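I set down each item as I looked it up.

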Amino acid sequence: MSPPPVYLNGDWCDTASAQVSVFDRGYLFGDGVYEVIPAFGGRLFGLEAHMERLSRSLREIGIAEPLARDEWQAIFDRLLEGYVGRDAAVYLQVTRGAPVPRDHAWPDPATAPGVMATVSPIGRRSEGARAITMPDQRWARCDIKTINLLPNTMARQKAVEQGVDEAILVRDGLVIEGSATNLFAVIGGRLVTAPTGPQMLAGVTRRLLIEMTRRKGLIEVDESFITVSALRGADEVFLTSSTKDIWPVLEIDGEPVGQGEGAGRPGPVTCRLDEHFQQLKTPQRRPA
Ligand code: PLP
């Protein structure tokens with residue numbers, strides 16, 4: 001397969017020739033934000049929510065909107081030309097530009113931002129995930145989707161080194177989210193997930209799943225914190241993200257999730273929610 005096209009600061013280039021300045025503040029300080037927007041069967045999914053979150057992230061770190069909505073759309077359309085009928089993830093990032101010399105303080109607001117977008121295929125997710133818990137070592141504004149992801153990458157690397165798929169981040173005994181996923185658990189017949197706030201990223205998949213579950217009355221949703229001991233006793237656990245959808249967790253810290261015969265297997269609530277979510281991803285044909 002040919003390497004993906006890259007949109008970079010108003011130009012189109014191929015992967016090999018896409019280069020940014022060494023003064024780009026994303027490169028120097030991690031001073032920027034990003035989005036990952038999935039396209040299923042070549043159609044963007046949750047676009048409004050992703051663009052809303054991008055605007056919020058930009059606002060929170062004081063970068064002006066670099067492009068109008070139709071300009072973004074033209075970029076997405078071109079990126080997805082090679083993905084007709086296929087699943088892909090559009091990646092975009094905006095940094096505070098490349099002022100010289102390097103200085104912690106922000107440059108003149110008129111400094112051109114750094115804007116990049118590219119696309120990659122979404123592979124099939126595995127049937128279930130194995131996870132470990134670990135302390136959340138991130139900063140106090142995890143609600144901003146910043147490109148500054150060092151603690152997240154360190155957590156994921158630790159998981160990989162232990163031969164598992166995801167790190168579940170824990171702060172003060174409470175389960176916050178995964179290194180690149182939100183977490184849900186079925187406990188006492190309710191679907192529980194941490195409330196949004198500065199401690200975690202408000203995932204678009206999380207939001208769409210909660211809205212769908214409430215709209216269809218599938219199970220009661222409780223947005224409150226889960227203790228680590230409650231997580232260990234949960235009937236079912238799953239992770240969500242734009243590229244993984246609903247990803248059942250089969251094992252946490254080496255112990256199977258759930259009890260009895262179904263332990264260590266995707267649970268019935270998870271499977272039901274996933275079925276409904278797959279329908280949400282596939283636009284219904286209008287009757288002729
Ligand atoms: N939490 C973190 C820390 C993430 O990085 C991500 C996605 O990258 C998510 C949650 C899931 O968010 P979304 O469903 O919008 O992909």
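Entry 1, the second largest pocket. I asked which element supplies most of this lining, and I found that α2 gives the largest share, five residues. I note at the outset that the model is predicted. By class, I recorded six nonpolar, four polar and six charged residues in the lining. Domain 1 (5-121) and domain 2 (129-283) both give residues to its lining, so the second largest pocket lies between them.

I noted a volume of about 930 Å³ for the largest pocket. Its lining is made up of 44 residues. Of these, Tyr34, Lys145, Leu149, Ala180 and Leu201 lie nearest the centre. The helices are α1 (25-29), α2 (47-60), α4 (150-161) and α5 (204-216), and the strands are β3 (32-40), β5 (88-95), β9 (174-178) and β14 (236-241). Which element gives the largest share of this lining? I found that α4 does, with four residues. The class count for the lining of the largest pocket is 16 nonpolar, 19 polar and nine charged residues. I also checked the domains: domain 1 (5-121) and domain 2 (129-283) each give at least three residues to the lining.

How many cavities of 30 Å³ or more does the count give? I recorded one. The space in the largest cavity comes to about 50 Å³. I listed its lining as Pro38, Phe40, Phe45, Gly46, His50, Val204, Thr205, Leu208, Ser241, Ser242, Asp245 and Phe277. The elements that supply two or more residues to this lining are β3 and α5, and α5 gives the most, with three residues. By class, I noted six nonpolar, five polar and one charged residues in the lining of the cavity. Here too I looked up the domains, and domain 1 (5-121) and domain 2 (129-283) each supply at least three residues to the cavity lining.

I found 18 residues around the ligand. Which of them come nearest? I recorded Arg53, Glu177, Val204, Thr205 and Ser242. A polar backbone atom of Val204 is 2.8 Å from an oxygen atom of the ligand. For Thr205, an N or O atom in the side chain is 2.6 Å from a ligand oxygen atom. For Ser242, a polar side-chain atom lies 2.8 Å from an oxygen atom of the ligand. Finally, I noted that the ligand on its own has 390 Å² of accessible area, of which the protein covers 92%.

Methods. Residues numbered from 1 in each chain as written. Predicted model: local features only at pLDDT ≥ 70, side-chain atom pairs only at ≥ 80, totals over all residues. Heavy atoms only, no water. 1 Å grid on protein atoms, 1.4 Å probe; cavity = no way out; pocket = protein on both sides within 12 Å on 5 of 7 lines; lining within 4 Å. Points joined across faces, edges and corners; volume = space filled by probe spheres on them. Nonpolar A, V, L, I, M, F, W, Y, C, P; charged D, E, K, R; others polar. Domains from an automatic or database assignment. Near = heavy atom within 4 Å. Polar contact = N/O pair within 3.5 Å; in protein donor to acceptor, adjacent residues only side chain to side chain. Areas by Shrake-Rupley, 256 points an atom, 1.4 Å probe, with all protein chains shown as cover.
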